[in-house]
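Visitor: Please take a close look at one part of this model for me, namely the strands of the sheet and the ligand site. I would like one connected account, with every cut-off spelled out.

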Amino acid sequence: MSNQTRQDYFKSVPDAQGNFGQFGGSYIPPELQQEMDRITDAYYSISKSHQFISELRSIRTHFQGRPTPVYFARTLSDELGGRIYLKREDLNHTGAHKLNHCMGEALLAKYMGKKKLIAETGAGQHGVALATAAAYFGLECEIHMGEVDIAKEHPNVVRMQILGAKVVPVSFGLKTLKEAVDSAFAAYLEDPVTSIYCIGSVVGPHPFPMMVRDFQRVVGIESREQFFEMTGENPDNVVACVGGGSNAMGIFSGFLDLEETRLYGVEPMGRGTTIGEHAATMTYGRPGVIHGFKCYLLQDDAGEPAPVYSIASGLDYPGVGPEHSMLKESGRVTYDSVTDQETVDAFFELSRKEGIIPALESAHAVAYAMKLAKDNPRQSILVNLSGRGDKDIDFIVEQYGTRATFADAVE
Ligand SMILES: *Cc1c(COP(=O)(O)O)cnc(C)c1O
C-alpha cells in the first residue's frame, strides 16, 4: 500500500453507512439514529476543518504531552532474544491511550454546542480520561460504572470525582462494562440534544468505531516514524491488547499497508476456556449484534451476549470493534490470547526488568510479545503499552503479594 492507498483505505473504510465489510453499521432505534446522523454529519464537517485540526494538535502537544516516546526494552530483550520496543502510551496524560479519543470527542462536542458528556467505563480509565476532557473544556460529565468495577478500581472513581464528574453506579446484571454501556445509553437517550455520548473504544453504532479509530491514529503515525528513526527499519511485529480495540486500532492503523509487518491483537483468556471465564471474543465468538453494531460476539445459544471475565477490567467486553472483526476475516491481523497467569507474570517481569509497571490490560500485550521474542530471536516487536499500572497495584498485591519480598521473607 502506497501513501495514497493508505489514505484511500481510511477514506473508504468504513463505507458511508459505517460498514466494515459485513461488520459495523448501525442497529439502533430511529430516535437514536437521528442523533447518530447528526454526530456523523458534524464529525465529517467539523473534524476536517483547519481550526479543529490545529486545536487538537495543540492540545496533544501542550496538554497531553505528545508525542509519547518509543522505548527499547533492553534488559527484557537481552533475556528473551527478540527485540521488544514499547510505545509508551502509559506516559500519555492520565496514564493511558484513552485520552487520545476523549479529547477528540470532547472537542467535537464543544464545536457542536453540547453541554454534557455521558459515557460508560470499565477499568475507570475511560471515565478518568473523559472527566479530564470535560474539565479541560468546561463541560458537565456523567460516568456510568458497574459496581464490581467501582470496588476494584477505587482510585479511578475518586479521580473522576475530583475532576468534577458524576459517577453513576450500575447494579444490574454482572455489574461490569456491558451493563455500564446499557445504562449510559439509556441516560443519553433521555437528553440527546444537550448531551453527547462519548464511547470508550472503537465500538458502538456508526460513526463511533470510525471516529475513535481516527482519533487514535496518532499512535500509529507517531510510532511508525519513531521506530524507523530509531532502527532504520519497520517493525517485524506489532502487538496490542484488544478489549474493544481502540489502542490496537490506533497502532495497527500506522502499519496496515506494510505487508512485511505482522500485526497481533491479544485477547484475555482469563482463568480458562469455559464460557464465563474469559473474554476471548475472536477465538470463541461468532458474528452478532451488540450495542448497536455487528461484530464478533461471545454469545449463548439464544444469541444473547455471554458473561465475560478478565483480570483486566478494561478487556472484559463480549464484543469487539467491527474493524477488528473485518481484519480477522481478511487475515491481515492475527488474534490470539494469553491467560491471567501469563499476564501477571508479564506484569511483574516488566516492572522488575525495566522499571515500568504496566496496566493489566497492557500486560496482556507484553506477555504475548515476550512469547514472540522467545520464539523469534532475530525479530523486532513493537508493543503498544496502552497504560500504566498504578490503578491495579492494590488489587495485585492483595491477590499475589509483591512476590520478591515474599520470597525474601520466607528465606
Ligand atoms: C481500556 C483500556 C484498554 C482496552 O481498551 P481498547 O479499546 O481495547 O484499547 C487497554 N489498555 C488500557 C490501559 C485501558 O485502559
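Guide: What follows goes from the sheet to the ligand and then to a few single residues. This is a predicted model, in which local features need pLDDT of at least 70 and side-chain atom pairs count only at pLDDT 80 or more, while totals for chains, interfaces and linings use all residues. Residues are numbered from 1 along each chain as its sequence is written, and side-chain values use heavy atoms, with hydrogens and water left out.

The UniProt record, an unreviewed entry, places the annotation "domain: Tryptophan synthase beta chain-like PALP" on residues 65-387; its positions are given in the numbering used here, its feature names are shortened, and its annotations may be inferred rather than shown by experiment. Over residues 65-387 the chain is 42% helix and 21% strand, with 14 Å between the end C-alpha atoms. Helices (H or I, at least four residues) and strands (E, at least two) are DSSP runs, numbered from the N terminus.

Six of its six residues are buried, so strand 14 is largely enclosed by the rest of the structure; buried means under 20% relative accessible area, exposed over 50%, and partly exposed in between, with a 1.4 Å probe and protein chains only. In a regular strand the side chains alternate between the two faces of the sheet. In strand 14, Ser 380, Leu 382 and Asn 384 point one way, whereas Ile 381, Val 383 and Leu 385 point the other way, and all are buried.

Two parallel neighbours of strand 14 can be followed from here, where two strands pair if DSSP finds at least two bridges between them. Strand 4, residues 83-88, runs parallel to strand 14 and is joined to it by six bridges, with Arg 83 standing opposite Ser 380. Strand 9 also runs parallel to strand 14, through three bridges, and here Val 238 stands opposite Leu 382.

Strand 10, residues 262-270, is itself mostly covered, since eight of its nine residues are buried. Strand 10 also pairs in the parallel sense with strand 13, residues 333-339, over seven bridges, and Pro 268 has Val 338 in strand 13 as its bridge partner.

Asn 237 lies in strand 9 and is buried, with a relative accessible area of 1%. The side chain of Asn 237 makes a polar contact of 2.9 Å with the side chain of Gln 379; such a contact is a pair of N or O atoms within 3.5 Å, where within protein one must be able to donate a hydrogen and the other to accept it, and residues adjacent in sequence count only if both atoms are side-chain atoms.

Turning to the ligand, 18 residues are around it, and Lys 98, Ser 201, Gly 245, Ser 246 and Ser 386 come nearest; a residue is near a molecule or strand if one of its heavy atoms lies within 4 Å of it. A polar side-chain atom of Ser 201 lies 2.6 Å from an oxygen atom of the ligand, a polar backbone atom of Gly 243 is 2.8 Å from a ligand oxygen, and a side-chain N or O atom of His 97 is 3.1 Å from one. Taken alone the ligand exposes 380 Å², of which the protein buries 98%; these areas come from the Shrake-Rupley method with a 1.4 Å probe, and for residues only the protein chains shown count as cover.

For Lys 98, the unreviewed UniProt entry lists "modified residue: N6-(pyridoxal phosphate)lysine". Lys 98 sits in the loop between strand 4 and helix 5, residues 99-111, and at 16% relative accessibility counts as buried.

A further loop residue, Gln 299, is found between strand 12 (293-297) and helix 13 (322-330), and is buried at 14% relative accessible area. The side chain of Gln 299 reaches the backbone oxygen of Arg 286 at 2.7 Å, and a polar atom of that side chain lies 3.3 Å from the backbone oxygen of Pro 287.
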